Amino acid sequence: VNVGKADTNYQAILQRMLWVPGYTNEARLEALARLWFIDREGTVRIIRQRLARLDNPTWLKALCQWIADEDVKELDEALISSWANKSFLMQTDNERPEYLALVRMYDETVIADLIFDSMLQEKKAWKQSYRTRCWELLHRLSQRDRLIALLEDSTFDEDDLFFIDLQKAKIELGIVPLCREEILWIRELSKPEYSSFWGEAVEALNELDIDRRSEIEMRDIPVAVSLKRHGGEGAFSRSVPVMLREIATQTDNQKHYTETMGGGQYVPGSERLKTYRDKLTWGDAVALEMVLAALDVPQVREHLFDYAIRDNLDVTTEYGGVLALDKKGRFEVLEFKPKVRHHDRRFNASQEMFDAAYTALFHFHFHAQKLRNGDHAGPGAGDKNYANNTRANCLVFTFVDEDTLNVDFYRHGGIVIDLGTISK
C-alpha cells in the first residue's frame, strides 16, 4: 500500500478510479483504501465534493458502507446532501445507503436532529444550497412542525440571511416553504428591489380571513397582489364555490381535449373542473378567473397564436414564458425561448424566465409540434414534475388545429383543469 505514496500522478489515477466508469467496486475499494492510507484529509475532501453527484447505485452503496465502516464522521454532511437527492430506484428513505450509513454511525433516533443541527450551523453564503437540501429532506422525514416552530420561536444572527428571509415570510406572509424553488422565490422577493411588491403582498393577504390565509402558497402571492391592484371593491370576499360555479359556466360547454399519450394514466374526465372542485383553494379560483379574463383579450390571443406558430416552425425545442399583469392592469405575454435545447417535446425554462415569474401569474409553454396535436393537449409527465418542483401556476397551450389552441391549467399535486379552447 506504500507504493506511489509520494507520486501525485499515482494519486490522481486512484482518485479517478473512484468516479470514472469502467471499474469494478472491488477495484474502487482498493483504490480508496490506498488513498485513505496516503492522504485522509484529501480523500475526505474529494468524497465530500463528489458523493451527492454519484449516479452509480452499486458503488454508492459500497462507498456509504465504507464510510460507516471507517466511522468517517467528517462526511456526515456529504451523506446528508446525497440522501437529500430524490431517488427513483429506492422508494423509501430508510432504504437509502446514505441513511443506513448514518444509522450505523449514530443512533437512528437522532438522525433528524443531526440534519437539523447541521442545517443551522452552516451559515456561509456558499452553503445555502446545502441548507436547502436539509430543509427538503427534513420535510420528507415529517419534520415540518419542527421547522415551523424554528421560524416562530428563534432569534437568528443578523448575518444568517437564509433564515432571516424564511422567518420574514412566515411572520409577514404566513408562508413556510416546502421545497427549493419556494425558498429561492422567498429569498428573491426579500431583496430590496422587491420591497414595494412585498409590501403590496402583505396588504393583499391582510384582506383574507384566517382560513384562506392558512392555504396561501408562494404561487398565490402574485395573484393576490394583482387582485389587490385591480380587483375592485369586495374582490377578496367572494366565496370560492361561487367563483368556481362561474368558472364552470364559462368552461363546461367548451370543446375539451386530453393528453392521452405522455401524461401518466389516462382517465376520462380527469382534466375537468368538477373532478378537483373540492381540492381547489381560493388562490386556485382567482387564478382560474384571471386566465379566462386574459384569454378574453384579443391582443393576448393574437400574441399567443403568433408565438405558437413560431414554436411550430422551430423543431429544436418547445417555446414558453410567463403571463403577467402590468401595473396598469393589462395582461402581457413575456417570451422566454430556451437557451438549452434538447428536442421538440421539451421546454427548458431559463433563469431569466424564473426571475420574471417571481412576480408574474403563470408559467406557460406550448405543445405545438403539429397543428393538429390534440393527443398531446395537456401537461405531460415532465410538465407535471415541473409543476411539482416549482409549485408554480402553469399553463400549456396545444394546437388542435391551425386556428385553435386548447388551454390547460395545472399545478402541483396532479391538478389539471382543461379550460377549453381559444381561437384566433
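## An exposed aspartate and its partner

Asp-69 is exposed, at a relative accessible area of 52% (buried means under 20%, exposed over 50% and partly exposed in between, with a 1.4 Å probe and protein chains only). This is a predicted model, in which local features need pLDDT of at least 70, side-chain atom pairs count only at pLDDT 80 or more, and totals for chains, interfaces and linings use all residues. Residues are numbered from 1 along each chain as its sequence is written, and side-chain values use heavy atoms, with hydrogens and water left out.

Which residue forms a salt bridge with Asp-69? The partner is Arg-104, and the closest N and O atoms are 2.5 Å apart. A salt bridge here is a side-chain nitrogen of Lys or Arg within 4 Å of a carboxyl oxygen of Asp or Glu. Arg-104 sits in helix H6 (residues 97-105) and Asp-69 in helix H4 (residues 57-70), so the pair ties together parts 35 residues apart in sequence. Helices (H or I, at least four residues) and strands (E, at least two) are DSSP runs, numbered from the N terminus.

The structure holds 28 salt bridges. One of them joins the side chains of Asp-159 and Lys-123, at 3.5 Å from N to O. Asp-159 belongs to the loop between H9 and helix H10 (161-173), and Lys-123 to the loop between helix H7 (111-121) and H8, so this pair ties together parts that are 36 residues apart in sequence. Asp-159 is partly exposed at 48% relative accessible area, and Lys-123 is partly exposed at 28%.

Lys-339 pairs with Glu-352 in another salt bridge, with 2.8 Å between the closest N and O atoms. Lys-339 lies in the loop between strand E2 (331-335) and helix H19 (351-357), while Glu-352 is in helix H19, 13 residues apart. Lys-339 is exposed at 64%, whereas Glu-352 is partly exposed at 38%. There is also a network of salt bridges linking Glu-182, Glu-217, Arg-219, Asp-284, Arg-391 and Arg-411.

## Helices H8 and H9

The axes of helix H8 (residues 128-140) and helix H9 (residues 144-153) come within 8 Å and cross at roughly 130°. Axes are lines fitted to C-alpha atoms, for helices over the stretch in contact, with angles from 0 to 180 degrees between N-to-C directions.

Trp-135, Leu-138 and His-139 of H8 make the contact with Arg-144, Leu-147 and Leu-151 of H9, where contact means heavy atoms within 4.5 Å.
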